[in-house]
Amino acid sequence: MKVLVLGSGVVGVTSAWYLAQQGHEVVVIDRQASAAEETSFANAGQLSFGMSSPWAAPGIPQKAVKWMFQTHAPLKLRPSLNPAQWQFMLSMLANCTEKAYGINKSRMVRVSEYSRQCINNLQAELQLPFEARKQGLLQVFRTQKQIDDAAKDIKVLQEFNVAHKMLNVEECIAREPALARVKHKLVGGLHFPDDQTGDCNLFTKALVERCEQQGVQFKFNTDIKALVSDGDKIRGVQTSNGLEVADHVLVCMGSYSPFLLNPVGIRLPVYPIKGYSLTLDVKNDADAPQSTVMDETYKVAITRFDNRIRAAGTAELADFNADLPKARRATIAESVSSLFPEAGNLDTAKFWTGFRPMTPDGTPVIGGTSYKNLWLNTGHGTLGWTMGAGSAKLIADLISGKQPDIDDSGLDVSRYA
């Protein structure tokens with residue numbers, strides 16, 4: 001069968017790979033000149049399988065009000081007249097209950113843990129160069145309350161047998177020796193030994209080459225204009241280069257997915273949560289992180305590549321505003337300088353922003369639709385890199401009519417009906 005994959009971020013390219021492996025003729029379409037040029041370009045770099053959690057959680061509404069008045073806050077709001085923004089916020093608030101949090105986190109961990117298996121198998125087979133490290137992830141706490149609040153996450157981790165360990169300050173330093181400089185700022189940490197790091201952009205571009213070797217065709221510099229429906233099926237996709245027809249269509253367009261789906265009657269509550277990152281060269285290895293350190297206070301992930309550090313964070317509701325405010329840069333820089341003051345030169349760091357495709361419950365949308373041959377693999381929020389391989393293998397199996405390796409219930413768009 002011929003499958004059109006719309007979007008060439010990490011989710012689209014991994015989906016194309018697994019579809020090609022299952023014998024399909026695959027064509028990937030993207031408006032950019034090459035793969036991974038948008039949200040997959042300079043994300044946090046953390047494969048944080050164990051850290052997968054919804055932003056909608058008990059206590060977040062109260063915290064959000066407080067954050068509005070803080071200079072360095074993990075969440076910012078730029079109110080607009082866009083109804084999608086307000087609908088998203090109301091839906092997210094509705095998910096800030098203990099019951100909803102438990103359901104949503106369990107779904108996310110289910111996909112993430114499967115993704116761990118998939119990317120490990122993929123890397124064992126292909127040996128892709130993306131500056132990968134397998135030294136775990138350390139979530140550091142600066143207050144006792146942060147440790148107490150982690151209890152509900154640990155319960156879900158135990159349920160899914162996710163490897164983790166609470167650490168005291170000295171044990172945190174044993175994992176990340178550079179933290180010895182700032183031990184007085186820490187009260188403990190939560191370590192995920194099986195989590196990994198790597199450059200998502202490098203991974204995706206390397207996988208494109210392998211996809212092409214398997215016969216996958218990439219059509220870049222091609223605008224995706226509309227889905228062309230025919231009864232209960234999608235006949236094809238109208239592009240800037242004409243109509244592309246196929247047996248199946250898979251939408252992996254991140255935050256832009258709703259614009260394509262709304263005209264054919266599919267309401268997808270995906271909203272662009274703006275995130276920022278700084279990329280700086282390592283100045284001194286001994287003063288730099290060795291893997292990923294998640295600063296719970298600022299919600300900033302600080303990740304080590306070979307000779308670079310990537311610090312990423314901030315969730316900003318600002319529609320598709322792509323500007324780079326100095327205040328957001330300052331928040332990420334504050335987190336890095338407070339934990340790793342001698343790691344690198346922040347003054348020359350590269351500042352970037354991208355739109356994370358967030359659902360109000362935090363869980364990606366993976367599965368079929370009301371059209372027999374239209375499929376979705378989108379809405380991964382901050383975890384597209386983490387969940388990419390697992391969600392791609394899952395959707396490839398569903399399109400191929402195969403029994404998936406994990407339970408796919410509660411993942412498709414029908415949960416919003």
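**Entry 1**

I began with strand β2 (residues 25–29), which pairs with β9 in the parallel sense over three bridges. For pairing I required at least two DSSP bridges between two strands. I took strands as DSSP runs of E with at least two residues and helices as runs of H or I with at least four, numbered from the N terminus. The model is predicted: I kept local features at pLDDT of at least 70 and side-chain atom pairs only at pLDDT 80 or more, while totals for chains, interfaces and linings use all residues. Residues are numbered from 1 along each chain as its sequence is written, and side-chain values use heavy atoms, with hydrogens and water left out.

Contact means heavy atoms within 4.5 Å.

**Entry 1: nonpolar cores**

I then looked up the largest nonpolar core, which has 48 residues; Val5 and Phe203 touch the most other members. A core is a set of buried Ala, Val, Leu, Ile, Met, Phe, Trp, Tyr and Cys residues joined through side-chain atoms within 4.5 Å. Buried is under 20% relative accessible area, exposed over 50%, and partly exposed in between, with a 1.4 Å probe and protein chains only. Among the elements that each supply at least two residues of this core are α1 (10–21), α4 (98–126) and α8 (200–213). Helix α11 gives the most, with nine residues. Leaving aside neighbours within four places in sequence, Phe203 is in contact with Val10, Thr14, Ile119, Leu122, Leu128, Phe130 and Trp385. Apart from this core lies another, of 29 residues, among them Cys172, Val293, Ala333 and Leu346.

**Entry 2: helix α3**

In α3 I found Gln85, Phe88, Met89 and Met92 buried. Seen down the axis of α3, the buried residues fall within an arc of 95°, so they line one face of the helix. The arc is that of the directions from the helix axis to the C-beta atoms. Pro83, Gln87, Leu90 and Ala94 are exposed, on the face turned away from the buried side of α3. Cover for the buried residues includes β4 (75–77), β14 (271–281), β17 (308–317) and β18 (350–358).

**Entry 3: strand β16**

Five of the five residues of β16 (residues 300–304) are buried, so the strand is largely enclosed by the rest of the structure. Val300, Ile302 and Arg304 lie on one side, Ala301 and Thr303 on the other. Strand β15 (residues 292–295) pairs with β16 in the antiparallel sense over four bridges, and Thr292 stands opposite Thr303. Their hairpin has four residues between the strands, and Lys299 in the turn has a positive phi of about 55°. I also found β16 joined to β17 by four bridges, running antiparallel, with Ile309 of β17 as the bridge partner of Arg304. The hairpin from β16 to β17 goes through three residues.
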